[in-house]
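This report walks through one protein structure, beginning with a sheet and moving on to the residues packed around it. Please keep the sequence and the picture in view while reading.

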Amino acid sequence: RVNTAIFLDSGSTATMLAQRIPDNHYMIFTSGISCVQEMLRLNEVQIHMVGGRLNRASQSVCSSKSLAYLENVNFQTAFLGVTGFNLEHGFTCGTEDECELKRTVIRNTDMVVAMMDSSKVGISSTFTYAMPNDVDVVITTRELARMIKEAGIDFVNLPDEDFDSLMGESTGASVIFGATGGVMEAALRTA
């Protein structure tokens, strides 16, 4: 919705979402450095970078000052990444700072959206930031595939292009994902 405040978490899934945000009158708050980089192309969006200590692994920033800053913001929607999820421990993440940031955002948000792929299910990380009843919508690989179909995107007939290099480098993770059956698992779960 135009003229709304949105929280966009850090991480690869949030970065993919940032790539697709339309250029409208939104206020987007994020702790994700790569999300900000993707949104620099937008002229109408007000981008608010949450400050704090750099977490190199997640390419995000957070501190007690950022928590105090976010306490005063009312979000219509928050898109949160997930490190792990199971019914006993709920939605989890890897650092205490990240956990407190997500809890603060959840307290001030009308609709909380968790974004995760099937590899996160059954996994439990160190810190629980939400239980299932704290989250309004969960977007997984299956829902993403349905949205792609509804949008009429035909991957088979897309022209070949070079990959997008977010940070100027790449890894062999996609090769491992494909070779170990990750691609097939995702395809079978969505079929």
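## A sheet of three strands

Two strands are said to pair if DSSP finds at least two bridges between them. The model discussed here is a predicted one, and in it three strands form an open, antiparallel sheet in the order E7-E8-E10. Strand E7 (84–86) and strand E10 (127–130) stand at the edges and have a single partner strand each, so one side of each is left without a neighbour in the sheet. From one strand to the next, the twist averages 40°.

E7 is joined to strand E8 (residues 90–93) by three bridges, and these two strands run antiparallel; they form a hairpin with three residues between them. Within this pairing, Phe85 has Phe91 as its bridge partner in E8, while Gly84 stands opposite Thr92 in E8.

Thr104 lies in helix H4 and is buried, with a relative accessible area of 2%. Not counting residues up to four places away in sequence, Thr104 touches Leu67, Leu70 and Glu71.

In soluble globular proteins, nonpolar side chains tend to be buried together. The largest nonpolar core here has 25 residues, and the members that touch the most others are Phe7, Leu70, Phe75, Phe91, Leu101 and Tyr129. At least two residues of this core come from each of several elements, among them strand E1 (5–8), helix H3 (64–70), strand E6 (75–81) and strand E9 (109–115). The largest share, four residues, is supplied by H4.

If neighbours within four places in sequence are left aside, the contacts of Tyr129 include Leu80, Phe91, Cys93, Cys99 and Ile106. There is also a second, separate core of 14 residues, which includes Ala14, Tyr26, Phe79 and Met115.

## Aromatic rings

A pair of aromatic rings is described by the distance of the centres and the angle of the planes. Five aromatic pairs are found in a search of the whole structure. The rings of Phe29 and Tyr69 have centres 6.1 Å apart and planes at 50°, so this pair is tilted. The pair links distant parts of the chain, with Phe29 in strand E2 (residues 27–30) and Tyr69 in helix H3, 40 residues apart. Phe29 counts as buried at 3% relative accessibility, whereas Tyr69 is partly exposed, with a relative accessible area of 36%.

Phe29 also forms an aromatic pair with Phe75, an edge-to-face one with 5.3 Å from centre to centre and 85° between the planes. This pair likewise links distant parts of the chain, since Phe75 belongs to strand E6 and lies 46 residues from Phe29. Phe75 is buried, at 1% relative accessibility. One aromatic cluster is formed by Phe7, Phe29, Tyr69 and Phe75.

## Cysteines without disulfides

A disulfide is a covalent bond between the sulfur atoms of two cysteines. How many disulfides does the count give? The count comes to zero disulfides. Cys35 is buried, with a relative accessible area of 0%. Cys93 is in no disulfide, and the nearest cysteine sulfur, which belongs to Cys99, is 4.7 Å away. Cys93 also counts as buried, at 0% relative accessibility.

Methods
Residues are numbered from 1 along each chain as its sequence is written. This is a predicted model: local features need pLDDT of at least 70, side-chain atom pairs count only at pLDDT 80 or more; totals for chains, interfaces and linings use all residues. Side-chain values use heavy atoms; hydrogens and water are left out. Axes are lines fitted to C-alpha atoms, for helices over the stretch in contact, and angles run from 0 to 180 degrees between N-to-C directions. A nonpolar core is a set of buried Ala, Val, Leu, Ile, Met, Phe, Trp, Tyr and Cys residues joined through side-chain atoms within 4.5 Å. Buried means under 20% relative accessible area, exposed over 50%, partly exposed in between (1.4 Å probe, protein chains only). Contact means heavy atoms within 4.5 Å. A disulfide is a pair of cysteine sulfur atoms within 2.5 Å. Rings of Phe, Tyr and Trp (its six-membered ring) pair if their centres lie within 6.5 Å; planes under 30 degrees apart count as stacked, over 60 as edge-to-face and the rest as tilted.
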